[in-house]
Amino acid sequence: TESVCELLDFELEGELPALELVADRLNDALPDGIRVRHIYEAERKIKELHLLRARVYMEYDGGLPADIEETVSELLNQETLVVVKHSRKGEAETDIRPLLKEFVLARLSDHVICLEVLVCAQNPSLNPSLLVDAIASYRPHLRPDFFRIERVEIFDVSGEIFR
């Protein structure tokens, strides 16, 4: 999973230095490939975060199955979509369909399809990888050979970008 919309929520002790200085110090300490892009004083609580837009890129070594768009659309439009969700507490069957708010499929090449989704981000949340699990479970012939997820943006309950 990669992301261009992660939040780092933290408090500083003492007087607040210039925000640019805080960003520079964080960037100096972060591993290669992880960078602070924007920094601002929080005006909202993390609990207001509601939705996540993500892209799930599914790759098929032998080429895209002929029926992939229609079959995946039918599957994701079902009233229920129960998958096994793994957590520290164990496994549980969970209906993820109510947590999937929107989806669009786009064929990117003869071997790659992108499933762009808008999902619940917390209380409860839907990890987009569970959509791949659902596809593999319900339609085994559509199990991708490889997939990756890109977290694109996060939103509040009114659909505004969360900042």
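**Figure 1. Overall arrangement of the predicted chain.** In this legend and those that follow, strands are DSSP runs of E with at least two residues, helices are runs of H or I with at least four, and both are numbered from the N terminus. The model is predicted, so local features need pLDDT of at least 70 and side-chain atom pairs count only at pLDDT 80 or more, whereas totals for chains, interfaces and linings use all residues. Residues are numbered from 1 along each chain as its sequence is written, and side-chain values use heavy atoms, with hydrogens and water left out. The protein chain contains 3 helices and 7 strands, which follow one another along the sequence as β-α-β-α-β-β-β-β-α-β. Its C-alpha trace spans about 60 × 30 × 30 Å along the principal axes. Of the 163 residues in the protein chain, 34% are buried (buried, under 20% relative accessible area; exposed, over 50%; partly exposed, in between; 1.4 Å probe, protein chains only). Among the contacts (heavy atoms within 4.5 Å) with a separation of 6 or more, 68% are between residues 24 or more positions apart.

**Figure 2. The open sheet of five strands.** The 5 strands of this open sheet are ordered β1-β7-β2-β6-β5, and their pairing is mixed (two strands pair if DSSP finds at least two bridges between them). The edge positions belong to β1 (2-3) and β5 (100-107); each has a single partner strand, so one side of each is left without a neighbour in the sheet. Strand β1 pairs with β7 in the parallel sense, over 2 bridges. Within β7, R151 is the residue that S3 stands opposite.

**Figure 3. The hairpin of β3 and β4.** Strands β3 and β4 make a hairpin, with 2 residues between them. Strand β3 covers residues 82-87 and strand β4 covers residues 90-95; the two run antiparallel and are joined by 6 bridges. K85 has A92 of β4 as its bridge partner.

**Figure 4. The two sides of helix α1.** The buried residues of α1 are V22, A23 and N27. These residues lie on the same side of α1 because they cover an arc of only 130° around the axis (the arc is taken from the directions that lead from the helix axis to the C-beta atoms). On the face turned away from this buried side, α1 carries the exposed residues R25, D28 and A29. N27, whose place is in helix α1, has a relative accessible area of 15% and is therefore buried. Apart from neighbours within four places in sequence, N27 is in contact with I34, R35 and V36.

**Figure 5. Helix α2 and its cover.** Helix α2 comprises residues 68-76, and its buried residues are I68, T71, V72, L75 and L76. Because they span an arc of only 125° around the axis, these residues share the same side of α2. The elements that cover the buried residues of α2 include β5, β6 and α3.

**Figure 6. The loop between β6 and α3.** P124 lies in the loop that connects β6 to α3 (129-138), and N123 is found in this loop as well. The peptide bond that joins N123 and P124 is cis, with omega of about -5°. Phi of N123 is near 55°, a positive value in a residue other than glycine. N123 counts as exposed because its relative accessibility is 70%.

**Figure 7. The largest pocket.** A pocket is an open set of points on a 1 Å grid over the protein atoms alone, where a 1.4 Å probe fits and protein lies on both sides within 12 Å along at least five of seven lines; its lining residues have an atom within 4 Å of a point. The volume of the largest pocket is about 1,100 Å³, counted as the space filled by probe spheres set on the points. Its lining has 35 residues, of which E6, L7, L8, H38 and Y40 are the closest to the centre. Helix α1 (19-29) and strand β7 (146-156) each supply at least two residues of this lining. By class, the lining holds 20 nonpolar, 4 polar and 11 charged residues (nonpolar: Ala, Val, Leu, Ile, Met, Phe, Trp, Tyr, Cys and Pro; charged: Asp, Glu, Lys and Arg; polar: the others, Gly among them).

**Figure 8. The second largest pocket.** The second largest pocket holds about 170 Å³ of space. Among the 16 residues that line it, E6, L49, A121, R151 and I154 are the closest to its centre. Two or more lining residues come from each of β2 (49-59), β6 (112-120) and β7. The lining of this second largest pocket divides into 11 nonpolar, 3 polar and 2 charged residues.
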